[in-house]
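Let's take a friendly walk through this structure together. Have the viewer open and follow along as we go.

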Amino acid sequence: MDLMMRPFQFYPTYVFDETKHVVDVIATKYLQKAADDTHHLVPVDVFGDGNCLYHSIIVLMNNPLVTACELRVRTIVELVTNENYYQNTYSKFVGSTHDAIRLVCKNYMYSELYEIAALCNLLRCNIRSIYPKIDFRDEMAKWNDVFTPIPPVAANCSISILWSNALNEKDARHIHNGTWRANHFVPLLSPPIMNEHNNISQSSSIIVTPEKKTIKNNAATQVRVPDFQSSPSRRLRSENSNGNDVVQPNVSRSMQMEKNDKEERRQIQLQKKRERSRTSRMNETEEQRQYRLQKDRERNRSIRQGELEEQHQSRLQKDRKRVQSSRRNETEEQYRIRLEQQKKRSKSTRTKKQLEKQENDNVGHADRCVPSSWPEPIPRELKDTCLQQFLKQMSMSELAEVTCAVCNIRTSEKDAKKIPVSKIPNIDLLKVSEQLKNLMKSSAENISIFNGDDNNQQTTSHIKNHPNSDWSSFDCDNDIFLYRNGLFKTNRVQMCILCQKCYTSLSKEHIPKFSPANNMWLGDIPTELQGLTIPEEKLISLYRHNTCQTALKGNCITFLQNVPNIVNSLPLALADLCDTLKVIFIGARPPDRLHLRRVLTVRKKKIIQALQWLKKNNGLYQNININLENIAQLPEDDIPECIMSILEQKIGDEEAQSERTGYVPDPLLNPQENTTSNVIPISNSGVLDVNGSSVSSDEINDYLLHKIKHNGNNNETGADNVYLIPHSSKPANEYFNPRLLTGLYPTLFCYGRGAPEDQSRSVEIKFREHIHYLLSYNDRRFETNHSFIFVVFNLLQRRDACLHARLIATRPYFQASANEIQSIKSKDIEIALGNNNSKRTYTTGSNSTLNKLLQHIKTVGGRVMGSAYSRTALRTRIHALIFNQGLPSIFLTINPADIHSPVALYFAGVPLNLDRIQHEQLMDTYRRAEIIASHPVSTAKYFHTLITNILDTMIMGGVIGPVKAYFGTVES
């Protein structure tokens with residue numbers, strides 16, 4: 001230890017010597033991107049094993065007795081001794097000193113600023129740190145600085161160290177996903193003085209006795225001449241005047257001889273060292289041998305852990321070459337010995353496995369012979385541990401959500417980044433275009449704040465334009481827009497919350513996909529478009545879809561409104577509204593008109609305000625004329641009589657009651673709670689074949705005749721109702737059509753912005769991830785809409801079907817199948833259907849062509865989520881799992897009670913602290929059911945979170961013991 005504390009006598013080398021040093025070619029390229037006054041220096045190649053900083057000091061020190069391990073130990077002692085100084089000086093740049101010391105204690109660990117500062121004080125010299133200007137930021141100025149010893153220690157010399165990389169810039173960025181960072185150090189030396197004066201000086205430094213060539217007795221002889229060290233200029237003049245060129249060859253020959261002698265002595269020393277090692281290994285005991293091998297393995301493992309991918313590949317290549325070379329040069333006897341050794345190792349491995357198998361069989365046999373109390377009771381400690389893990393996973397610290405200030409989505413708090421606004425990386429990427437800036441400013445200046453009574457009285461407040469304007473739900477500063485829900489203050493410092501995706505994109509100098517800078521701005525919903533009922537939304541929308549509101553069967557295909565002058569005129573006429581809307585009420589008793597008004601009412605004033613606002617602020621409505629004749633037909637505030645006239649009621653329907661029956665009692669059957677709310681929930685119901693695609697004219701005629709015969713009594717007709725909703729003959733384009741969803745849902749895309757597949761965006765967004773973003777939007781407008789989630793779900797279904805159909809069509813075998821399928825005739829299909837057309841069953845028999853057609857349909861349908869064939873595909877996977885692992889041991893049904901779960905309410909936006917829930921915060925059952933029913937995405941998220949945590953904490957390695965496999969499905 002005293003030797004370690006003894007100070008160094010450090011006299012560095014300043015000039016590059018070609019006989020001792022090698023130029024680092026890669027570092028030379030990085031040096032050209034550093035400060036201009038360093039371009040003349042020469043980077044010296046050092047070994048990059050994690051100790052490259054210490055190897056650089058050793059090169060400059062020119063002392064073979066000093067090792068990298070000694071320098072590392074001395075650095076650790078220095079950091080511990082002056083820990084407070086380094087903590088106060090450098091912790092703000094590279095973190096805690098305590099963590100740095102812990103990392104420095106690991107050999108082959110890469111160095112940082114702390115090590116440079118410690119070596120500066122250790123060597124009593126100034127160290128200039130030179131960092132290339134690659135991905136360089138203002139806060140990295142310390143990396144391009146001169147480090148000096150701690151006062152009162154004075155520096156007696158100066159050296160330069162370059163931050164480099166073992167790979168060139170292109171390869172380094174490829175490995176680190178487009179970013180560059182230093183992982184290597186090299187010393188910098190001054191270039192050699194390349195002139196005759198320097199050559200003579202270097203030659204004179206070598207002690208060689210000059211010789212003079214003479215002629216004696218007709219024979220060439222050499223006479224030794226005393227070597228007088230004259231001045232360089234004098235020797236230079238004498239050589240030029242006399243033309244004596246004999247000395248230099250002799251000097252070169254002597255240098256070569258000395259170099260050969262050194263290499264010979266080195267080889268002799270290595271040979272002696274190998275002999276000593278061989279002798280010691282022959283005399284060592286088995287314990288000593290195992291200890292030596294263990295040490296060698298640990299040393300090799302440590303070296304391999306610190307090596308780069310390029311070094312790893314180089315080492316494997318060298319090992320392969322060495323093995324191949326040894327095998328090529330081996331004799332017949334050596335070849336036979338190597339094969340014998342391989343056979344012995346294989347036999348030993350097989351014997352070991354057989355013994356292990358026998359031991360396991362014996363243990364199993366003994367267990368079968370000894371009476372056991374299987375299944376044993378689950379230990380109480382295990383149950384408590386699993387329960388505590390489950391409660392921790394369902395606690396506020398794990399489930400808390402926050403809002404991203406850049407994209408305005410809800411994200412997990414534990415994964416989000418909370419940083420000062422001034423520290424947002426590459427914040428200039430968040431600047432919006434001038435056009436979007438003006439639109440956002442216009443929307444903020446004309447925002448209407450609802451502040452009235454039941455008569456819908458409103459007041460408007462205008463917001464002035466100035467820097468840091470108080471603009472609606474977002475803040476603006478220097479054309480950078482951040483959502484307020486993701487901003488907060490800590491100690492008077494403006495902080496922001498960034499989700500993982502936005503933070504990663506900004507760190508990589510990419511525009512976040514869902515930021516306003518990428519033309520992803522939806523805007524706040526104005527008062528004029530809030531609270532519209534289903535008929536009111538249909539009256540003002542440009543498109544309509546042919547599906548029901550709360551259930552799906554068939555496909556949702558979007559059509560243009562098939563009404564004269566609809567392209568230029570809105571709202572719809574009441575007669576056309578009734579043609580596009582069918583209402584079926586299912587319940588135990590008839591509904592009151594007062595209750596239906598909350599769902600089906602139409603307000604003339606609300607329609608006028610909504611259309612006027614859309615015409616002013618939504619680009620899709622600029623050419624739309626407001627039809628005053630149609631507006632005059634609208635009621636002031638009531639359900640249109642045409643809707644009431646076609647309202648169909650199914651009171652006490654047995655099928656509806658069976659559909660509502662579940663595994664647990666229905667909490668909504670309590671009549672006391674039903675009377676406490678003025679809002680009625682609508683049960684899930686659906687209309688089959690709403691576009692009339694599978695309803696023939698004969699079926700329609702038959703239905704009408706039955707209707708007339710029984711005087712319109714549905715209960716006596718004995719036939720299903722047929723509903724036809726007219727639409728235009730040409731469906732709307734669903735691919736790369738940003739007008740589709742904006743025209744279909746003007747109350748969601750109020751300004752006609754933020755639609756999927758908008759080609760004007762600089763960063764492309766896939767349709768599926770765009771829908772995921774919309775359903776995660778902070779204000780929950782998309783998940784609470786009555787039909788949005790169903791329409792986009794079916795869009796995704798059809799896209800999946802088209803994609804996989806296209807993939808099948810590209811297969812080589814499909815062309816032959818297509819030719820056969822084209823040969824199918826209608827008679828073949830009639831024979832296959834037989835007399836079971838009404839039951840939707842078929843028998844293909846021996847018709848192989850029909851079998852091929854059905855097989856292609858099953859293949860495509862199995863990839864479409866929610867389809868009947870996807871359930872068949874799941875059953876196939878279950879059969880495969882049973883074939884591989886055997887029959888399941890446990891069948892488990894989990895039926896989460898989302899209505900009674902605070903977690904589901906929290907995901908639905910109810911302000912709750914899951915760790916400290918007050919009873920009065922949970923509301924009554926009817927109100928909770930209303931919230932859960934109106935937030936399907938939050939309910940699905942709760943279900944996924946609960947089931948995942950049950951599997952992780954209770955099933956896998958939990959109370960039922962080891963689990964080989966499990967398979968889970970969701971009942972539809």
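How many bridges join strand β16 to strand β17, and do they run parallel or antiparallel? Four bridges join β16 (residues 487–490) to β17 (residues 493–498), and the two strands run antiparallel. Strands count as paired here if DSSP finds at least two bridges between them; strands themselves are DSSP runs of E with at least two residues, helices are runs of H or I with at least four, and both are numbered from the N terminus. Within this pair, F488 stands opposite M495 in β17. Two residues lie between the strands of the hairpin, where N491 takes a positive phi near 55°.

A word on the model itself: it is predicted, so local features need pLDDT of at least 70 and side-chain atom pairs count only at pLDDT 80 or more, while totals for chains, interfaces and linings use all residues. Residues are numbered from 1 along each chain as its sequence is written, and side-chain values use heavy atoms, with hydrogens and water left out.

Now step back to the whole chain. The protein chain has 38 helices and 23 strands. Of its 972 residues, 35% count as buried, meaning under 20% relative accessible area, with exposed over 50% and partly exposed in between (1.4 Å probe, protein chains only). Among contacts (heavy atoms within 4.5 Å) between residues at least 6 apart in sequence, 71% join residues at least 24 apart.

V763 gives a local example. You will find V763 in the loop between α29 (739–744) and α30 (767–775). V763 counts as partly exposed because its relative accessibility is 22%. Leaving aside residues up to four places away in sequence, V763 touches I511, K513 and N518. The C-alpha atoms of V763 and F514 are separated by 9.1 Å, although these residues are 249 apart along the chain.

Next, look at α38 (936–955). This helix has 20 residues and reaches 27 Å from its first C-alpha to its last, close to the 28 Å expected at 1.5 Å a residue (1.5 Å times one less than the number of residues). The buried residues of α38 include Y942, L946, N949 and I950. An α-helix has 3.6 residues a turn, so residues three or four places apart point the same way. The buried residues of α38 pack against α15 (380–393), α16 (396–399), α36 (902–907) and α37 (925–933).

After α38 comes G957, with a positive phi near 70°. The segment after this helix also holds I960, which counts as partly exposed because its relative accessibility is 41%.
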